[in-house]
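Please look over the structure below.

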Amino acid sequence: MTDDKKPYDVLVVGAGYAGLTAAYELIKAGRTVLLLEARDRVGGRVHTQRFDDGSYVDLGGAWVGPTQDRLYALARAFGVDTFPTYDTGKSTQYFRGRVKRYKGLIPPLPLFSLLSLDAAIRRINKLSKTVDLAEPWNTPNARQLDTLTLADWMNGQMSYETARQFFTIAVGAIWAADPADFSLLHALFYTRSGRDLDTLMNVKNGAQADRFVGGAQTIADRMAATFADRIVFNAPVRTITQTDAQVEVTTDTTTYTASRVVVAIPPALQADIRFEPALPPQRQQLMTQLPMGAVWKCYAIYDRPFWRDQGLNGLAATPDGPITVTFDNSPRDGSQGILMGFVLGSKARDFSRLSDNERRASALQSFATFFGPEAARPRRYLDHSFLNEAWSKGCYAAVPQPGFWTSAGPALRQPVGRIHWAGTETSDVWNGYIEGAVRSGERVAREVTG
Ligand SMILES: Cc1cc2nc3c(=O)[nH]c(=O)nc-3n(C[C@H](O)[C@H](O)[C@H](O)COP(=O)(O)OP(=O)(O)OC[C@H]3O[C@@H](n4cnc5c(N)ncnc54)[C@H](O)[C@@H]3O)c2cc1C
């Protein structure tokens, strides 16, 4: 064990978009900063897998959309272009053994199910406007809303099984969780945090509107390159010790000292750090009430986006997963065809139990069901889940247990002595998204310098 004698103004833990943004802003403000990262790369839950032929896929965060202004601004600042997600043509629905093609967002359901689904979406949007974004625990009826799960609400409001099935697909795609996993209060908070359910679900004008040329990790790589000498890789933080005068942060090899530390990792991973003295009880509890969501991304790569020839946009939805939602993730110039399918929530946990071959066979069968036999013969198949990564433990983001917001919510952003908290989970706007991570990094930098 060595001591890095140099006292820093700020140590930042975690080089995802939150930690990178915090470090970048603090360095701009003239602070001496060191960024400690457990992995051997930056980006965290954003990871672009690049292939020898120059193509790439995003294993983690990928899309950006309107009102995600801070992320678009970073893209511009670091010279990264965006391009619209392909959504020209008809979408596909597979339900009760039949494939149907349709226009627009809402699948062709029997009339009463359709009305029920539409009414549920509008009711969630309306209710979400009552949420206090900055302090969700102060929302009217917060306790009641935080006790009820989204599944309780859905079962009470939606009498048609088909409508509930398709609502559950949308919930899975937005939260990487099942409606029974989290409270109505969290559903309303998250909905308002990203504007409304339509925005969260949509490609055009929604959260899936655009992708980054070169992949979503490119901005992170370029930002990190501007302060490469301030980043230590393969440096998981194990202990954070506060004294009256300073804070000591210990990795497996080194103890660093600073005036302040910014912890920019998901709460579920904060629980693995030993804090001395122990954190206040509410803060301790918080870390165990925020498990991560569950999702697999399945990629099939073809010579060309053949489904476009049939007037299809590559979007598909089915309750009969494992894959319940697909997108066209081909490169901007369409020089390859790339389909991406999501396996979500409890289906993702079940999918994790399959062998590599079983997952591949199962995913390709789904793609072939939606887009025909050609989809069963990709040039390359790969899949990935952050459930299997020690430094994420799941994705897209934390899915709070019912009761979290009203019991431990106030501790989420509250500094503890010299410790400040960042990460998308601490953001009131676009919580759970890259935009939320960036905003949290900017907010914590202001907090530390203010
Ligand atoms: C499959 C998937 C799809 C997604 N799709 C989208 C999308 O399309 N659009 C969107 O906006 N968002 C999406 N997201 C969510 C988005 O990626 C995250 O919200 C965002 O990247 C979180 O950033 P962060 O900096 O808060 O946390 P992280 O990215 O998790 O960064 C935390 C960093 O801390 C490091 N770390 C952890 N523990 C320690 C430790 N003890 N010591 C040191 N370092 C540590 C980790 O290695 C990591 O680098 C998706 C996520 C996933 C996984």
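What follows is a short tour by topic.

## Model and domain

The model is predicted. A UniProt record (unreviewed entry) places the feature "domain: Amine oxidase" at residues 18–448. That span is 33% helix and 20% strand. Its end C-alpha atoms lie 14 Å apart.

An open sheet is formed by 3 strands in the order 5-9-6, with antiparallel pairing. Strand 5 (63–64) and strand 6 (82–84) are the edge strands, and each pairs on one side only. Strand 9 (residues 210–212) pairs with strand 5 over 2 bridges. Here W63 stands opposite R211 of strand 9.

## Helix 9

Helix 9 spans residues 217–225. Its buried residues are Q217, T218, I219, A220, M223 and A224. Their cover includes helix 1 (17–28), helix 2 (69–77), strand 3 (48–50), strand 9 and strand 10 (231–232).

## Listed binding-site residues

UniProt (unreviewed entry) lists E37, A38, V237 and E425 under "binding site".

V237 is found in the loop between strand 10 and strand 11 (239–242). V237 counts as buried because 24 other C-beta atoms lie within 10 Å, and the cut-off is 20 or more. Leaving aside neighbours within four places in sequence, V237 is in contact with V13, L36, V249, T251 and I273.

E425 lies in the loop between strand 20 (419–421) and helix 15 (434–449). E425 has 25 C-beta neighbours inside 10 Å, so E425 is buried too. Not counting residues up to four places away in sequence, E425 touches P266, P267, L290, A397, A398 and N431.

Notes:
Residues are numbered from 1 along each chain as its sequence is written. This is a predicted model: local features need pLDDT of at least 70, side-chain atom pairs count only at pLDDT 80 or more; totals for chains, interfaces and linings use all residues. UniProt positions are given in the numbering used here, feature names are shortened, and annotations may be inferred rather than shown by experiment. Helices (H or I, at least four residues) and strands (E, at least two) are DSSP runs, numbered from the N terminus. Two strands pair if DSSP finds at least two bridges between them. A residue is buried if 20 or more other C-beta atoms lie within 10 Å of its own, exposed if 12 or fewer, and partly exposed in between; C-beta atoms are placed from the backbone. Two residues are in contact if their C-beta atoms, placed from the backbone, lie within 7 Å.
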